[in-house]
Amino acid sequence: MAEVAIRDVAKSYGATQVLHGVNIGISDGQFVVLVGPSGCGKSTLLRMVAGLESVTAGNIVIGGKAVNNLSPARRDIAMVFQSYALYPHKTVEQNMGFALKLKKVDPKVVEQKVRAAADILALTPLLKRYPRQLSGGQRQRVAMGRAIVRDPQVFLFDEPLSNLDAQLRVQMRTEIKELHQRLKTTTIYVTHDQIEAMTMADKIVVMHDGRVEQIGAPLELFDRPANLFVAGFIGSPSMNRLKGVVTRGGGSIDVGGAVLPMPPGMSLAEGREVVFGIRPEHFDLVDDGVEVQIILMEPTGSETLVYTHAGKTEIVALFRERHQFEPGATIRIKPREGHIHIFDAVSGKRI
């Protein structure tokens with residue numbers, strides 16, 4: 001196990017710069033998730049840590065040693081790919097032990113390590129099978145087992161669950177998190193799925209356009225997003241972000257169809273342009289709230305997502321209770337105090 005430090009790392013392909021001075025510190029044994037939309041640079045950064053991409057500027061340090069110029073084989077890392085990357089002509093046992101065989105490790109030691117990893121991942125009954133005889137989840141466990149037997153300083157996961165169906169993704173992310181809790185190996189995990197990030201990470205790194213937008217614990221990012229991008233990306237359904245103007249002496253915000261309250265204790269200059277943020281689950285049905293017209297309902301059983309309009313402003317609310325609203329009907333909703341977020345309309349930063 002080892003600490004990983006990513007210091008002022010940049011990456012360019014010719015004149016195109018895709019990473020801009022990224023700084024991330026990862027403690028020994030920590031599970032860190034890099035999350036962001038497609039094209040944000042998260043997979044490129046992971047491949048740079050693995051040694052599969054060169055570093056244009058900055059340093060990557062693993063276990064106190066700069067690894068910029070080291071080959072992947074000398075970095076003592078193990079990577080699990082999205083595509084499993086298993087040898088189709090080798091059995092599960094042979095796939096898991098192949099890297100150790102290349103290093104000319106004693107066959108008895110290889111067998112012991114493979115058996116131990118197979119026990120951890122519930123693969124023992126499958127050791128004599130070939131990849132074509134396995135399900136997607138079983139293949140992914142084999143790929144993880146191949147990483148485990150190497151006993152690396154750092155595990156790297158590159159969107160390993162993207163090829164699995166929804167139910168299997170939930171099962172596999174539980175297995176990966178349990179595996180980390182058992183092995184305590186430093187782990188860097190890349191995904192575009194913020195639900196995966198929220199449920200698995202000790203620390204989340206939110207990336208956008210090759211830059212780090214915010215780093216923090218999952219609930220820290222959820223409760224106090226640093227800017228509009230993080231506010232919209234973390235959380236499902238997404239946070240309501242309503243453009244408005246400060247009014248009523250600085251105590252309210254007019255969002256063009258509704259006047260919403262400023263957070264308790266906050267007052268801004270009247271006329272200032274801001275963005276009012278409130279998550280759908282932080283609305284209450286009350287008699288004295290803002291009147292909205294129901295446009296669409298999405299009941300899921302455990303909760304009901306309601307799309308509404310206040311004038312021309314769309315507001316999404318989520319209720320845990322079941323309601324029989326009809327499209328076109330009006331209800332009154334009120335943001336909960338303590339759950340309101342205010343952002344500057346120009347910079348997008350949290351106020």
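Predicted model: local features only at pLDDT ≥ 70, side-chain atom pairs only at ≥ 80, totals over all residues.
User: What makes α3 a helix, and how far does α3 reach?

Analyst: A helix is a DSSP run of H or I with at least four residues, numbered from the N terminus. Helix α3 has 14 residues, 107-120. From first C-alpha to last, α3 reaches 20 Å, close to the 20 Å expected at 1.5 Å a residue; the expected span is 1.5 Å times one less than the number of residues.

User: Which residue caps the N-terminal end of α3?

Analyst: That is Asp-106, with a side-chain oxygen 2.7 Å from the backbone nitrogen of Lys-108.

User: Which residues of α3 are called buried, and why are they on the same side?

Analyst: Buried means under 20% relative accessible area, exposed over 50%, and partly exposed in between (1.4 Å probe, protein chains only). Val-110, Val-114, Ala-117 and Ala-118 are buried. They cover an arc of only 100° around the axis, which puts them on the same side of α3; the arc is that of the directions from the helix axis to the C-beta atoms. The face turned away carries the exposed Lys-108, Gln-112 and Asp-119.

Terms used
Residues numbered from 1 in each chain as written. Heavy atoms only, no water. Helix = DSSP H or I, 4+ residues; strand = E, 2+ residues; numbered from the N terminus. Polar contact = N/O pair within 3.5 Å; in protein donor to acceptor, adjacent residues only side chain to side chain.
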